[in-house]
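Please read this briefing with the sequence and the model side by side. The notes are grouped by topic, from one chain as a whole, to its interface, to a single residue in the partner chain.

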Amino acid sequence: MALLRGLAALGILLLAVVLQVAVFGYVSVDGVVPDLALLVVVAAALTRGPQFAAVLGFAGGLLLDVAPPADHVAGRWALAFVVVGYLAGRVRQDARNSTLAALATVAACAFVGTSVYALTGLVLDDGAMAAGEMLRVVGISVVWDVLVTPLVLPVLLLAFRRLRPPQLVY
Amino acid sequence: MAPRDPGKRPSRSVMVLLLLACLTVLTLDARGGTSSPVEPFRTAVGNVVGPVESGTAVAVRPFRELAGYFGSNDKLRQQVATLSAENSRLRSQVETRPLDRNRLAELDGLTRTARQTGYALVAARVVAMGPSQSFSRTVTIDAGSSSGIRPDMTVLNNDGLVGRVVRTTTTTATVLLIVDQDSVVGGRLGSNMQLGFLRGQGSTGRADQLDLDLMDSSTTPARGDVVVTWGSANGAPYVAGIPIGKVVSVWSTPRETAKHAVIAPFVDFSSLDVVGVVVPRGTHGDRQLIAAGGR
């Protein structure tokens with residue numbers, strides 16, 4: 001059962017990554033698209049906690065790093081999403097039931113995730129651009145992620161609740 | 001404050017393990033270059049995800065075009081498509097005319113024509129675009145090594161140069177656009193045949209632009225000058241004579257003598273769809289080749 005659940009979570013990730021590159025490219029703002037894979041990781045963190053989210057974030061980030069249009073050094077999104085999964089998992093106690101807190105979590109995670117990715121680019125000298133340009137991209141992606149959160153996050157939360165192993169309620 | 005249930009605290013060893021795994025992958029890929037151990041993994045994932053992306057792109061294409069059906073009727077749309085194709089063909093003819101004249105003057109025309117007819121194209125459609133969050137400009141096309149496409153092949157559309165193939169899977173290929181920061185293209189000014197290098201600005205704004213650094217610091221490019229590819233040995237990664245863009249502004253700093261020019265590319269990179277990959281004539285693959293002259 002655990003294996004099946006893992007595979008289902010991976011399936012959700014794959015769907016998010018494919019939608020992100022193949023469909024949302026047509027509605028992008030200056031090329032920036034909503035970061036669906038990041039929302040999957042945040043949803044996992046809100047339902048299952050930081051450890052599961054960090055592992056899922058690693059898998060999702062790695063997928064984003066190597067799936068076709070990507071041409072950057074592999075591991076950059078993986079690192080960013082591990083950090084995102086951990087952070088989102090740590091604040092989940094407060095964000096679990098409040099819409100506003102969930103939105104704030106998504107915004108913070110989008111900011112941190114894209115920034116970590118941009119910073120690794122600076123360190124590795126891989127596709128680094130001017131700081132102002134980077135901040136603009138980070139800003140647009142935060143707005144995008146917050147905008148699609150009401151549409152996507154409830155579905156993802158429901159999916160991850162269904163995927164949660166049965167446990168005692170206390 | 002609500003008590004935190006202890007079972008949900010992340011185990012420190014798992015987090016350390018994940019971070020170390022990230023750093024390992026980063027180091028392996030950054031140090032390895034083209035022979036990095038991540039490359040087979042990339043190809044394997046590409047072989048699985050590529051067809052999924054192609055399928056998704058095909059599935060959503062009717063919906064994307066739905067808006068157009070409401071806007072105007074089919075006949076008008078066809079007319080617009082025919083006219084804009086003709087327009088870009090005529091424009092590229094006009095724009096490369098000074099260059100052609102220069103070539104004739106250098107008695108270069110004959111070999112040029114011979115070499116140009118040696119090109120053949122494999123047509124492909126763009127199925128995925130890399131998001132700007134990745135700070136790189138790449139797209140996936142739906143033709144790969146099974147159609148005879150290899151890395152370092154030129155990609156163009158009917159407006160001009162698009163980019164080059166950086167890696168392929170069986171059914172898809174990843175194309176690095178010329179507006180990416182890592183892209184460097186050898187260019188030639190149409191008016192005076194001067195050589196230079198075009199670098200992508202990597203900007204994410206709507207106006208994609210390229211920087212041109214001329215090799216000869218004494219020449220000044222004129223506004224409106226057309227830049228075409230200069231070409232590399234054996235046509236890899238770029239074949240010669242493909243229009244790239246037009247000079248929109250020229251600037252220089254007092255510290256250096258060389259002039260820099262900003263080039264606006266002919267290709268609209270935000271709405272890429274059908275592209276052609278330049279392959280050697282006689283390439284065998286699962287797609288028909290389009291030879292020079294449109295046959």
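A residue is called buried when its relative accessible area is under 20%, and exposed when that value is over 50%. By that cut-off, buried residues make up 56% of the 170 residues in chain A. The model is predicted, and local features are considered where pLDDT is at least 70.

**Chain A as a whole**

- Chain A contains seven helices and zero strands, and its elements, taken from the N terminus on, accordingly read α-α-α-α-α-α-α.
- Of the contacts in chain A between residues at least 6 apart in sequence, 73% join residues that are at least 24 apart.
- About 6,800 Å² of accessible surface is computed for chain A, with carbon and sulfur atoms holding 73% of it.

**The interface between chain A and chain B**

- On the chain A side 57 residues are in contact with chain B, and on the chain B side 55 residues are in contact with chain A.
- Between them the two chains bury about 5,000 Å², and 63% of this area lies on carbon and sulfur atoms.
- Within chain A, the residues that lose the most area to chain B are A:Tyr26, A:Pro68 and A:Asp71, which together account for 14% of what that side buries.
- A:Asp71 also takes part in a salt bridge, in which its side chain meets that of B:Arg167 at 3.1 Å, N to O, and the count of salt bridges between chain A and chain B is one.
- Eight residue pairs are in polar contact between chain A and chain B, counting pairs with both residues at pLDDT 80 or more.
- Several helices of chain A give two or more residues to the side that touches chain B, including H1 (2-22), H4 (76-90), H6 (99-124) and H7 (131-163), while the largest share, nine residues, comes from H3(A).
- Sorted by class, the side of chain A that touches chain B has 35 nonpolar, 11 polar and 11 charged residues.

**B:Thr154 in chain B**

- B:Thr154 is placed in strand S3 of chain B, which covers residues 154-157.
- Is B:Thr154 buried or exposed? B:Thr154 counts as buried, because its relative accessibility is 1%.
- A polar atom of the B:Thr154 side chain lies 2.8 Å from the backbone oxygen of B:Pro237, and the side chain of B:Thr154 also reaches the backbone nitrogen of B:Val239 at 3.1 Å.
- B:Arg164 is 10 residues away from B:Thr154 in sequence, and the two are 4.7 Å apart in space, C-alpha to C-alpha.

Technical notes. Residues are numbered from 1 along each chain as its sequence is written. Chains are lettered from A and ligands numbered from 1 in the order in which they are written. Side-chain values use heavy atoms; hydrogens and water are left out. Contact means heavy atoms within 4.5 Å. Buried area is the accessible area (1.4 Å probe) that two parts lose on being put together, summed over both. A salt bridge is a side-chain nitrogen of Lys or Arg within 4 Å of a carboxyl oxygen of Asp or Glu. A polar contact is a pair of N or O atoms within 3.5 Å; within protein, one must be able to donate a hydrogen and the other to accept it, and residues adjacent in sequence count only if both atoms are side-chain atoms. Helices (H or I, at least four residues) and strands (E, at least two) are DSSP runs, numbered from the N terminus. Ala, Val, Leu, Ile, Met, Phe, Trp, Tyr, Cys and Pro count as nonpolar, Asp, Glu, Lys and Arg as charged, and the others, Gly among them, as polar. Buried means under 20% relative accessible area, exposed over 50%, partly exposed in between (1.4 Å probe, protein chains only). Accessible areas come from the Shrake-Rupley method with a 1.4 Å probe; for residues, only the protein chains shown count as cover.
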